[in-house]
Amino acid sequence: MTLLDVQSLNVHFPTRQGAVHASRDISFRLEAGEVLGLVGETGSGKSVIGQAIIRLLPSGTRIAGRIIFSGQDLTALSESAIHALRGSSISLIPQNPSGALNPVMASGRQIAEFFESQGRSRTAARVRARELLAAVGLVPVDRIEREYPHQLSGGMRQRLATSIALGGDPGLIIADEPTKGLDYRARETTARLLREIHTTGQAALLLITHDLDLAERICDRIAVLYAGEIVEIGTAAQVFSAPRHPYTRALIRAIPKNGLAPLPGQSPSLTALPKGCAFADRCSCGTDRCGLEHPLLTQEGPDGGVRCHHPFSA
């Protein structure tokens, strides 16, 4: 069953230098219980999509398209209606848990506060908060619930932010760069936690990450973004074993286990996008057509597509 259906999403930020075209014609579906990864370099528009879904973009942002969640168009809801969905039906695991957590509130209280806002008694809220701390491996609970964010390691803060996101038993969890800035041990802890969420619950997971190793390990499908648009989408197995877009192939070659081959050049400015393919100047197999004609995202079966005039064979 389709839980989330994003249709032709365009997000523009007005600036003095011109409109920043952060997301362009983004379309994808996310099924209940599925894990979809949005991957790409920094600035490719991944986080903007997650923020657009839960309407956390700055005022003045221009959004076009439709975001259908459980039959409701989120772009048409009132602010009070979308606020009611946040934390209950849709939750966000933030990119920077240290910045998202309240530094002067003990860990247990940060979770319990959500349940109290839903009408539970202080005692019942604390019981549920302790259950969630244990569920994400923050033990011993008696000590952790009394500690403040600065007393926790980076991985523990990530788990605390995750426990808060899980509090409302959401149907959709958006994890925005959950391993960014973490050391190896914390990354492994977070990857294991995300896998546990996927395998033990019914929530769908939208994983926003530049960590391709993490995406390959836990995602069912992958959407590769470049300069604000999807350039390839398919099953994780297909994307990593037989990538079709030159940018996808370059990203995979840049993974440490594949040789850490650098990708030359840089992404185009999102205020002055080229007429043709946005990747043309960095592509080793482009032709004159690539610089003149913008490629469409071809539909190749229900789960796949590539935006390229000369895709590699699958």
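In strand β8, Ala204, Leu206 and Ile208 point one way, Leu205, Leu207 and Thr209 point the other way, and all are buried. Strand β8 covers residues 204–209, and six of its six residues are buried, which leaves the strand mostly covered. The model described here is a predicted one.

## The eight-stranded sheet

Strand β8 belongs to an open sheet of eight strands, whose order is β6-β7-β8-β3-β9-β10-β12-β11 and whose pairing is mixed. The edges are taken by β6 (90–93) and β11 (298–299); each has a single partner strand, so one side of each is left without a neighbour in the sheet.

On one side, β8 is joined to β7 by five bridges, and the two strands run parallel. Within this pair, aspartate 176 stands opposite isoleucine 208 of β8. Strand β3 (residues 35–39) also pairs with β8 in the parallel sense, again over five bridges. Here leucine 206 in β8 is the bridge partner of leucine 36. Leucine 206 and isoleucine 208 are both among the buried residues that point one way from β8.

Isoleucine 93 stands opposite alanine 175 in β7.

## The four-stranded sheet

Another open sheet is made of four strands in the order β2-β1-β4-β5, with antiparallel pairing. Its edge strands are β2 (20–31) and β5 (72–73), each of which pairs on one side only. Strand β1 (residues 2–13) and strand β4 (residues 62–69) pair in the antiparallel sense over seven bridges. In this pair, histidine 12 stands opposite arginine 62 of β4.

## Helices lying across the sheets

| Helix | Strands it lies across | Direction |
|---|---|---|
| α1 (residues 46–53) | β1, β2 and β4 | about 115° to β1 |
| α7 (residues 154–166) | β6 and β7 | about 175° to β6 |
| α11 (residues 246–253) | β9 (221–226) and β10 (229–235) | about 105° to β9 |

Six of the eight residues of α11 are buried, so this helix is largely enclosed by the rest of the structure. The buried residues are Pro246, Tyr247, Thr248, Ala250, Leu251 and Ile252. They pack against α9 (212–218), β9, β10 and α10 (236–241).

Helix α7 holds arginine 159. This arginine is buried, with a relative accessible area of 9%. Leaving aside residues up to four places away in sequence, arginine 159 touches Val136, Gly137, Leu138, Thr189, Arg192 and Leu193.

The buried residues of α4 are Ser107, Gly108, Gln110, Ile111, Ala112, Phe114 and Phe115. Their cover includes α5, α6 (141–144) and α7.

The axes of helix α4 (residues 107–117) and helix α5 (residues 122–135) come within 8 Å and cross at roughly 125°. The two helices are therefore oblique to each other. In passing α5, α4 makes a right-handed crossing. On the α4 side, Gly108, Arg109, Ile111, Ala112, Phe115 and Glu116 take part; they meet Arg122, Ala125, Arg126, Arg128, Ala129, Leu132 and Leu133 of α5. By class, this contact has seven nonpolar, one polar and five charged residues.

With α7, the axis of α4 comes within 9 Å and the crossing is at roughly 15°. That angle makes α4 roughly parallel to α7. The crossing of α4 past α7 is right-handed. Ser107, Gln110 and Ile111 in α4 meet Leu160, Ser163 and Ile164 in α7. The residues of this contact divide into three nonpolar, three polar and no charged.

Ile111 is listed in the contact with α5 and also in the contact with α7; it is one of the buried residues of α4. After α4 comes glycine 119, whose phi is positive, near 105°.

Conventions. Residues numbered from 1 in each chain as written. Predicted model: local features only at pLDDT ≥ 70, side-chain atom pairs only at ≥ 80, totals over all residues. Heavy atoms only, no water. Axes fitted to C-alpha atoms, helices over the stretch in contact; angles between N-to-C directions. Parallel < 35°, antiparallel > 145°, perpendicular 65-115°, else oblique. Left-handed = near helix turned anticlockwise from the far one by under 90°. Contact = heavy atoms within 4.5 Å. Nonpolar A, V, L, I, M, F, W, Y, C, P; charged D, E, K, R; others polar. Pairing = 2+ DSSP bridges. Buried < 20%, exposed > 50% of the residue type's maximum accessible area, 1.4 Å probe, protein only.
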